[in-house]
Structure formats: C-alpha cells, structure tokens
Amino acid sequence: MFRRDYLVRLIEDMTQMIAKVFSLKQERKHTEALWELDELFKRQFRLNSELLRSLSAADIEQLFRNHGYLEADKLQTATRLLEEEASLLLELEREEEAIMLYIKVFQLYLKSALQGADMKLIGLEERIGMVKEQLKSYALPETAQRDYYAYAEQQGIYAEAENMLYQLLDNGYMEYDEATSFYERLLLKLPEDLARGGLPLEEVHEGIDDLNRRCLHLTEGDK
C-alpha cells in the first residue's frame, strides 16, 4: 500500500511538472523548463539530470535497484522525465545530446517493461512506440535492439519481434540457433494469437523456411 501511494503521489507530481514544462516550452523558456525538471529529479529521486545524462542506461538502471531488485515503476517514472528533457534538448537544437538521451530513454523504458513495470502507469507501451519513432533514423546499440526484440515478443507483437530478429541477424548480433528458437516458441502459440500479433501461422512457416535458406547459404559460403 505504501509503495502504491508513493507512486500515485509521484505520478501526480510528475504530471503537474510536465504540464508546467509544456507551458514553459510554449513560452520558449526552455532553460527554465530544464531547471524545473532538474528540481523534480532532486526532490523525488535525489538525483540531478546532469548526472543522469553522463551515465549509461545500464548505470542508471543500477541506481534504481534495491537489494538486487529493480524498482521498475520508479525507473519508468524517472525515465518519463528524461524523455521530456530529451524533447527540450531537441527544441534547443542540441540534437546530438537529445538523441543520445532518447536512446537511453528507449533502453530504460524497455528494461522497465521487461522487469514487470505497470504498463498503464504512464502509458508505457505508447511511450516506447513514440520514442522508437523518434529514433527511426538512427542506429540503435545492440542492447537496445535485443531488448526491443524481447519486449516485442513479450507483448505479443510478433511481427515487430521478427523484424528486429532479422536486424539482429544482419548486424551479427544473433546466432541462427537463437533465431530458430524464436520460431519454435511461436509454433507453440495459438493461431489466433499469432494473427493478433501480426504474424499468422502461415507467415511463421515462411519465416522458418527463409531462416533455413539463410543458414544454408551461410554454410555453403563458408566451404
């Protein structure tokens, strides 16, 4: 109960802050908006945004672990503020900083989802989709690609998972036996669930055939 009450208060505080930041953005007061976000980070998380920008996604994740347990809801809430900060940096034409921060946001949102975060707390599925769209023109690190692949499968977005699987294969980040295991897991699903996930059973079999052809071509190329 205490944890839930804390999260409710945190979300209320964050929602009010984002509304204030939006108002400041409308007034072109971006620096003031960044200050407001930093104050909320300090008040709620005892962190500052400059520190978070300097850390990797993996290091930020560790800050939200308590006795080895990831406080996924707390992490996704803090990440929502980082997303707002990335938006401000983009409007300030600090594109490189903004994109680097968006990539961290994407990774942290995915980690939160994979570790059991409440998907409805901040609309996590929608936020992941929006940040992914923001990053569509940029190369993602291997960890982000892998986490999105796992997330898409976990959420039953099988067509998206398959697309990411082939990106991982093409980038040399995945072995063919791991890809084969993905299709084996799909064959255990109900046909209606596969269709709902954008990958009907017929297309699963087509994917298996395509994967086998790729594997055969690779084997022949090594001879």
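Helix α5 covers residues 72-91, and its 20 residues at 1.5 Å each should span 28 Å. The model is predicted.

What share of α5 is buried? The count is 17 of 20 residues, so the helix is largely enclosed by the rest of the structure. After α5 comes Glu93, with a positive phi near 65°.

**Overall layout**

The protein chain has 223 residues, and 44% of them count as buried. Its C-alpha trace spans about 60 × 40 × 35 Å along the principal axes. Secondary structure amounts to 12 helices and two strands. In sequence order the pattern reads α-α-α-α-β-β-α-α-α-α-α-α-α-α.

| Residue | Relative accessible area | State |
|---|---|---|
| Leu52 | 2% | buried |
| Asp209 | 42% | partly exposed |

Leu52 sits in helix α3, residues 49-54. Buried means under 20% relative accessible area, and Leu52 has 2%, so it counts as buried. Leu101 is 49 residues away from Leu52 in sequence. In space, the C-alpha atoms of Leu52 and Leu101 are 9.2 Å apart.

Asp209 belongs to helix α12, residues 201-221. At 42%, Asp209 falls between the 20% and 50% limits, so it is partly exposed.

Conventions. Residues numbered from 1 in each chain as written. Predicted model: local features only at pLDDT ≥ 70, side-chain atom pairs only at ≥ 80, totals over all residues. Heavy atoms only, no water. Helix = DSSP H or I, 4+ residues; strand = E, 2+ residues; numbered from the N terminus. Buried < 20%, exposed > 50% of the residue type's maximum accessible area, 1.4 Å probe, protein only. Expected span 1.5 Å × (residues − 1).
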